[in-house]
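Thanks for making time this morning. Have a look at it on the screen.

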Amino acid sequence: MTEAASHEAAPVSLCAREPHVPADRLVAEMVPPPRFDSVRFDTYIPDPNQPSQIDAVKILGGFAEGLGGAHATGAGRRPVLGRLFARKPAAPTGPRGVYLDGGYGVGKTHLLASLWHATPAEPALKAFGTFVELTNLVGALGFQQTVKTLSGHRLLCIDEFELDDPGDTVLVSSLLSRLVESGVALAATSNTLPGKLGEGRFAAADFLREIQGLSAHFRPLRIDGEDYRHRGLPEAPAPYSDEQVTKAAYATPGASLDDFPHLLDHLAKVHPSRYGALTDGLSAVCLTDVRPVPDQSTALRLVVLADRLYDREVPVLASGLPFDRLFSEEMLKGGYRKKYFRAISRLTALARDAKGLVEQ
């Protein structure tokens with residue numbers, strides 16, 4: 001620690017945090033994350049060279065308008081006795097969902113959150129979460145209670161649908177089938193795999209196959225374009241020295257400071273559903289000695305942490321290796337590669353955000 005840093009308040013350590021998150025918080029937090037709290041369709045800036053982005057705004061706006069009025073089955077609207085004796089309504093016909101198919105950084109999450117905001121229903125009747133957060137909710141509440149909790153909703157938005165996890169995909173497919181029967185509208189996103197961009201509806205075909213009998217309920221919507229997080233922006237800053245990172249951590253109120261290998265070890269002790277709570281109240285995350293992730297399990301945990309930091313707009317200042325060297329070539333060519341490329345993209349954006357923390 002430098003002499004200058006010793007005069008500042010000590011930063012917190014993520015390794016010292018072991019949050020416990022009650023199930024009701026998991027439900028209450030199924031809303032667009034802070035980064036997307038204020039986004040709307042009219043704040044989405046389409047690439048003029050990508051007509052599919054312009055079309056997506058129009059189509060999703062119409063989809064939101066179509067969700068107005070009563071719940072498709074009247075759930076949540078009738079008195080209790082009326083629901084008990086009423087005839088079970090027919091399952092809704094036609095597409096009750098939309099699937100946003102596209103690469104990294106084309107604004108799918110922005111559009112998905114805009115759909116959530118534009119849907120004319122009370123926030124308590126709309127849910128928004130990542131695929132991982134949805135599976136965590138099932139784990140916390142149980143399958144039947146999750147169905148009961150979400151079945152009265154007007155809309156369920158699922159960001160980053162994970163096509164590479166067969167077990168969880170079947171679980172969520174069963175959940176979505178039950179919710180569709182209850183009249184819940186669905187919207188989902190997933191990334192096209194690296195190397196498959198421009199090859200038609202690769203991700204859409206995979207998605208519709210994996211969710212089995214639900215394909216008739218989804219309208220695939222292709223969104224082309226480049227990663228907006230790096231479109232026209234300067235290169236991400238190179239990693240700083242340990243001394244610079246430590247000094248910035250001590251000079252930044254609300255910052256955390258951790259040794260990267262120690263943080264990776266700590267993540268193994270905290271369930272990924274708690275990574276959001278792990279970052280509560282942080283203004284910045286400062287990491288020293290960033291080095292390649294040693295194995296796939298550790299890498300997948302880091303992906304979840306990167307997502308939560310990105311959602312919460314927490315800058316990441318680091319020393320050691322640049323973030324594009326976190327994952328081995330084998331990982332970047334394997335079945336989880338889309339997650340790793342997403343993490344690199346998001347951590348790079350957060351590294352750029354942290355540039356101002358270092359005194360020039």
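Which residues in the largest nonpolar core touch the most other members? Keep in mind that this is a predicted model. The core has 61 residues, and Leu111, Leu115, Leu326 and Phe327 touch the most other members. Helix H13, residues 296-311, gives the largest share of this core, 8 residues. There is also a second, separate core. That one has 24 residues, including Val21, Leu150, Leu179 and Val184. As general background, nonpolar side chains tend to be buried together in soluble globular proteins.

Let's stay with Phe327. Leaving out residues up to four places away in sequence, Phe327 touches Val293, Ala299, Leu302, Val303, Leu332, Tyr340, Ala343 and Ile344.

Now to a sheet. Find S6, S7 and S8. These 3 strands form an open sheet, in the order S6-S7-S8, with parallel pairing. The edge strands are S6, at 255-259, and S8, at 316-320. Each of those edge strands pairs on one side only. On average, neighbouring strands here are turned by 15° against each other, direction ignored. Between S7, residues 284-290, and S8 there are 4 bridges. Val290 has Gly320 in S8 as its bridge partner. Helix H11, residues 260-267, lies across S6 and S7 and runs at about 110° to S7.

Next, charges. The structure holds 12 salt bridges. Start with Asp280 and Arg25, whose side chains meet at 3.1 Å, N to O. What does this pair tie together? Asp280 sits in the loop between helix H12 and S7, and Arg25 sits in helix H2, so the pair ties together parts that are 255 residues apart in sequence. Asp280 is partly exposed, at 34% relative accessible area. Arg25 is partly exposed too, at 23%.

Another one joins Arg346 and Asp307, with the closest N and O atoms 2.9 Å apart. Arg346 lies in helix H15 and Asp307 in helix H13, so this pair ties together parts that are 39 residues apart in sequence. Are these two residues buried or exposed? Both Arg346 and Asp307 are buried. They also belong to a network of salt bridges that links Glu160, Asp307, Arg342 and Arg346.

One last stop: Thr135, in helix H6, residues 131-141. Thr135 has a relative accessible area of 12%, so it counts as buried. Its side chain reaches the backbone oxygen of Val132 at 2.8 Å. Not counting residues up to four places away in sequence, Thr135 touches Asp168 and Val172.

That's my tour. Thank you.

How values were computed
Residues are numbered from 1 along each chain as its sequence is written. This is a predicted model: local features need pLDDT of at least 70, side-chain atom pairs count only at pLDDT 80 or more; totals for chains, interfaces and linings use all residues. Side-chain values use heavy atoms; hydrogens and water are left out. A nonpolar core is a set of buried Ala, Val, Leu, Ile, Met, Phe, Trp, Tyr and Cys residues joined through side-chain atoms within 4.5 Å. Buried means under 20% relative accessible area, exposed over 50%, partly exposed in between (1.4 Å probe, protein chains only). Helices (H or I, at least four residues) and strands (E, at least two) are DSSP runs, numbered from the N terminus. Contact means heavy atoms within 4.5 Å. Two strands pair if DSSP finds at least two bridges between them. Axes are lines fitted to C-alpha atoms, for helices over the stretch in contact, and angles run from 0 to 180 degrees between N-to-C directions. A polar contact is a pair of N or O atoms within 3.5 Å; within protein, one must be able to donate a hydrogen and the other to accept it, and residues adjacent in sequence count only if both atoms are side-chain atoms. A salt bridge is a side-chain nitrogen of Lys or Arg within 4 Å of a carboxyl oxygen of Asp or Glu.
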